[in-house]
Amino acid sequence: MRFAPILRNPRRRRLLRSVNPSLAAMSPPAAAHLATASDPDEDLCLSTEPVAPAEEASPPLPAPPPPVSAEERVERAWAHWRRLGSPKMVVAPMVDNSELPFRMLCRRYGATAAYTPMLHSRIFSENEKHRAMEFTTCKEDRPLFVQFCANDPDILLQAAKIVEPYCDYVDINFGCPQRIARRGYYGAFLMDNLPLVKSLVQNLSANLHVPVSCKIRIFPRLEDTLAYAKMLEEAGASLVAVHGRTRDEKDGKKFRADWDAIKAVKDALRIPVLANGNIRHLDDVKDCLEHTGADGVLSAETLLENPALFAGFRTKEWKENGDEDEASGLDQADLVIEYLKLCEQYPVPWRMVRSHVHKMLGDWFRVHPQVREELNAQSKLTFEWLHDMVKRLKDLGGGIPLYRNNNALQTTSNGLAASNA
Ligand SMILES: Cc1cc2nc3c(=O)[nH]c(=O)nc-3n(C[C@H](O)[C@H](O)[C@H](O)COP(=O)(O)O)c2cc1C
């Protein structure tokens, strides 16, 4: 019961309460079982010294508003979006990867909103331990989309009610194309059952205080995509994020996202629309917003390697002539250190930490594979070991910093890319 003494410490309990609504309700004995995972990577990463200030949980929300006309719903959708600052650069949902410390790192580097990883609505609503491990947030973690997968409207609502005081949208994942989604009958496999999709959106939007958003993939035929998107809007969605690939186009590196289809959805809908796919650096953000007319963009895979993408940094792959300004370089190892400090502040399961360290340091590990092997051999990670590993890598050298082209795009407060050239 390694966890129990920590939770008996009142300061420690306050810390955990501040970042996790489920833990707030747990007594020390109830929370102690979090320490019993047999795989150490499933334990929360806790350092010995807490560093987060205590915060109080949000007050309960009032009852959901009464039904309104379609016209009014569209107006409200825009008013809400504007109240959030019309965020243009959004961290996409990523299982095991868009967790609180990573979101906070991306926010420091230009992201103006973020999604949680997909949460399983049934497991989330039934299992307190799952909630405690998989959903944490803090006051600065806004605007926030909390994403669920679901195929039962009532279970989805139950799960959404738990998180609604802590987020700005409850999002439904209609885009996951993986085998696990086929087996669980959720994500993109609900594209075969649009009446169910409609009832999930209707039930949620009619009973929640926060707006509902949907993340979708496109159909092979544009007219099907447009009918689908319009149905979501009519069912009560306040925002739609469009990943411009079909359910069968699973490999993002192999298939370019279809920005024309995203533009067609944007033109057809009256609510805010976000574009997803092909965002690898800040020029892509500008090009995508111009091409599609979308209200913002989501980025996923590139952010994992380069969490500073939205601040204008790019990896060597996208370096252009004239970018070699050493003064503007940002070392990925320093980003890892920043991320580790955020993990100490906002504990998450070690498997998430491990995943980010691999992705952010991928280039260095290719130069020094022995260090990657040492990391893989560590069945139980500690912050001390990770900090030491990063220091050793830096001493070995060979990492290529992220570059920012000082003559190119800059970001403004709402994340809109603007040229200062
Ligand atoms: C590691 C990883 C995990 C992902 N998990 C989710 C998820 O939980 N929910 C979701 O809707 N999409 C998920 N996606 C898909 C992304 O949100 C995004 O739609 C997709 O990667 C395309 O964006 P990109 O071209 O910027 O990578 C995931 C992608 C990656 C790389």
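**Loops, helices and core**

Tutor: Pro-143 is found in the loop between H8 and strand S4 (144-149). The model is a predicted one.

Student: Which residue does a cis peptide bond join to Pro-143?

Tutor: The loop between H8 and strand S4 holds Pro-143. The bond in question has an omega of about -10° and is cis. The partner of Pro-143 in this bond is Arg-142.

Student: Is Arg-131 buried or exposed?

Tutor: Arg-131 has its place in helix H8 (residues 128-134). The cut-off for a buried residue is 20 or more other C-beta atoms within 10 Å. Arg-131 has 23 C-beta neighbours inside 10 Å, so Arg-131 counts as buried.

Student: How far apart in space are Arg-131 and His-120, C-alpha to C-alpha?

Tutor: In sequence, Arg-131 and His-120 are eleven residues apart. In space, the C-alpha to C-alpha distance between them is 9.8 Å.

Student: Where does Asp-96 lie, and does it count as buried or partly exposed?

Tutor: Asp-96 lies in the loop between strand S1 (89-91) and H6. Asp-96 is not a glycine, yet has a positive phi of about 65°. Because Asp-96 has 16 C-beta neighbours inside 10 Å, Asp-96 counts as partly exposed.

Student: Why does Asn-278 count as buried?

Tutor: Asn-278 also has a positive phi, about 70°, although it is not a glycine. Asn-278 lies in the loop between strand S8 (273-276) and helix H14 (282-292). Asn-278 counts as buried because its C-beta neighbours inside 10 Å number 21.

Student: How many of the nine residues of helix H6 are buried?

Tutor: Helix H6 spans residues 100-108 and is mostly covered. Its buried residues include Arg-103 and Arg-107, along with Leu-100, Pro-101 and Phe-102. Just after H6, Gly-110 takes a positive phi of about 100°. The number of buried residues in H6 is eight.

Student: Which residues is Val-240 in contact with, leaving aside its neighbours within four places in sequence?

Tutor: Val-240 is among the residues with the most contacts inside the largest nonpolar core. Its contacts beyond those sequence neighbours are Ser-213, Cys-214, Ile-216, Ala-229, Leu-232, Val-265, Leu-269, Ile-271 and Val-273.

Student: What share of the contacts with a separation of 6 or more comes from residues 24 or more positions apart?

Tutor: The protein has 20 helices and 13 strands. Of its 421 residues, 47% are buried. Residues 24 or more positions apart account for a share of 74%.

Student: How many residues surround the ligand, and which are the closest?

Tutor: The shell around the ligand divides into nine nonpolar, ten polar and two charged residues. In total, 21 residues surround the ligand, and the closest are Ala-92, Met-94, Met-118, Ala-300 and Glu-301.

Student: Where is the pLDDT below 50?

Tutor: The mean pLDDT of the protein is 86, and 81% of its residues reach 70 or more. One stretch with pLDDT below 50 has 16 contacts in the model beyond near neighbours in sequence, namely residues 49-56. Where pLDDT is low, the predicted coordinates should not be read in detail. The pLDDT also stays under 50 over residues 417-421.

Definitions and conventions
Residues are numbered from 1 along each chain as its sequence is written. This is a predicted model: local features need pLDDT of at least 70, side-chain atom pairs count only at pLDDT 80 or more; totals for chains, interfaces and linings use all residues. A residue is near a molecule or strand if its C-beta atom, placed from the backbone, lies within 6 Å of it. Ala, Val, Leu, Ile, Met, Phe, Trp, Tyr, Cys and Pro count as nonpolar, Asp, Glu, Lys and Arg as charged, and the others, Gly among them, as polar. Helices (H or I, at least four residues) and strands (E, at least two) are DSSP runs, numbered from the N terminus. A residue is buried if 20 or more other C-beta atoms lie within 10 Å of its own, exposed if 12 or fewer, and partly exposed in between; C-beta atoms are placed from the backbone. Two residues are in contact if their C-beta atoms, placed from the backbone, lie within 7 Å. A nonpolar core is a set of buried Ala, Val, Leu, Ile, Met, Phe, Trp, Tyr and Cys residues joined through C-beta atoms within 7 Å. pLDDT is the predictor's confidence in each residue, from 0 to 100.
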